[in-house]
Amino acid sequence: WPVYHWYLAGMQSLMTMAGPSFGPLLFPLAGLAGALLCLLGAWTLSRVAGLNSQAALAGGMILLAAPLFVPLAHFTGPESLATALTLFALALLCHGWQKPQAWISLPAGFVLAALAGLTGGLFHIMLPLVASIFFLGWRGSFRRAQGLDGVTGFVLLLLMVACWLGGVMLWQQPDGYLKFLGERLMIWPWPSAKWWLPLKIAAFGLLPWLAIVACVSWVRVLRTTPGDLAASRKDRAGIAFMWISVVVAVVLSLAAYDPVSAALTVICLAAPLLGKALLRLTGLGGRLFFIFAALCLLHAGMALTAAGFGPTLDWMGSFFKFTLTADQRAIVLGLKALPIIGVICIAAAVLLARMVRKGAHGGMGGALLICTVIVILLAQPGSLLLGPQLKAVPQAKLSHLEEILNPAPATAPEAPASETPAPEGAAPENAAPEATAPGAATPDATTPA
């Protein structure tokens, strides 16, 4: 998709203007900027939807501590940029549909939705449109979509997509480019054997924060539900827009071609709502949740530590009923950073459990801050130790920055041998030239600075 390549080209131009020494920072800064834009987009949508500053901050911290979100700042890919554009588009549409006229927010929201679609695919362009339709239906204001500002925004969206498609068709493109894009628009979920993969990635990517749903006081929630539903159609419509966006994203993710991008969008939409629920947990519910979080850290640490040693790895395989080939076993045992990360997880679990048990965590916000700091500390050995070791594994298919900036030259294919033998004394046509003196050799390419 084109927008991500334009994004990288723009950042490369900025790096070139800053100086040649900033060139190696292109891919790290691209990944970091995408992650920061996701955080800013989630916070902006939370505030526009009507959440207070504490709930919006709690949602951002949950997102920062989510296992799927952490690698975004260390790996370069279009998922974070597409998700960020989708979040900003949803925020502008949420603001615009609640106003009698919005000549800035509605057209800008549709333009960002088009850019998100040209970055991550059909899922990111359909989510703002479908969420807007259901939101207007929930409020009973379908006529609002007939306003000139909304129609103008939708026309701008169609024009942007049509201009790009027209440019692709008119100008010469690589063979099979349109077919390549068409195959990546969407997948039909039911014939697919992995239609559940985006939801599985989102569920594991939100651990342990998804367990907040089980710790909520559902008696209080059900008691206030009728009043909240009535208010969501009038005054507090922004919260209804967020819930509708989460449900629509979950449904559309079943047909998304890129499961990671769809799962990341679902996580970014659910994080502010989970942050609001976390701050409203009772004392017992909050303590149960953070004990569960400590147990998750403890078990993850034990598994990572055990995976670093041969006897314990074999015992885990027999206990959990999975088998590793000799190559897979050698790969896992070669990751020497796993026991280090596992020991840090065990120490963090013990620390979190003691602070929650003694009530020294400063409430729900304090415990959330502790968890965020723990995840940030765990990300450092994961990036500095585990990343280089995974790079040495061919199955991981990770490329180092130097290999991307300075790719290895392609080797010329060998000339096929002649079927008929050459007569004696005759030099073959493809004979190698005589070696020249080192001083007379002229290189064909210059070495990059």
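**Close-up views of salt bridges and nonpolar cores**

At 29% relative accessibility, Arg329 counts as partly exposed, because that term covers values between buried (under 20% relative accessible area) and exposed (over 50%), computed with a 1.4 Å probe on protein chains only. This is a predicted model, in which local features need pLDDT of at least 70 and side-chain atom pairs count only at pLDDT 80 or more, whereas totals for chains, interfaces and linings use all residues. Residues are numbered from 1 along each chain as its sequence is written, and side-chain values use heavy atoms, with hydrogens and water left out.

**View 1. Arg329 and Asp314 form a salt bridge.** The closest N and O atoms of this pair are 2.9 Å apart, a salt bridge being a side-chain nitrogen of Lys or Arg within 4 Å of a carboxyl oxygen of Asp or Glu. Asp314 lies in helix H15 (residues 310-319) and Arg329 in helix H16 (residues 326-334), so the pair ties together parts that are 15 residues apart in sequence; helices here are DSSP runs (H or I) of at least four residues, numbered from the N terminus.

**View 2. Arg144 and Asp149 meet in a salt bridge.** Their side chains come to 2.8 Å, N to O, and Arg144 is buried at 12% relative accessible area, as is Asp149 at 2%. Asp149 also has contacts (heavy atoms within 4.5 Å) with residues including Trp103 and Leu106.

**View 3. The largest nonpolar core has 95 residues.** Such a core is a set of buried Ala, Val, Leu, Ile, Met, Phe, Trp, Tyr and Cys residues joined through side-chain atoms within 4.5 Å. Among the residues with the most contacts inside this core are Trp209 and Phe289.

Note on methods
Helices (H or I, at least four residues) and strands (E, at least two) are DSSP runs, numbered from the N terminus. Lists of a residue's contacts leave out its neighbours within four places in sequence.
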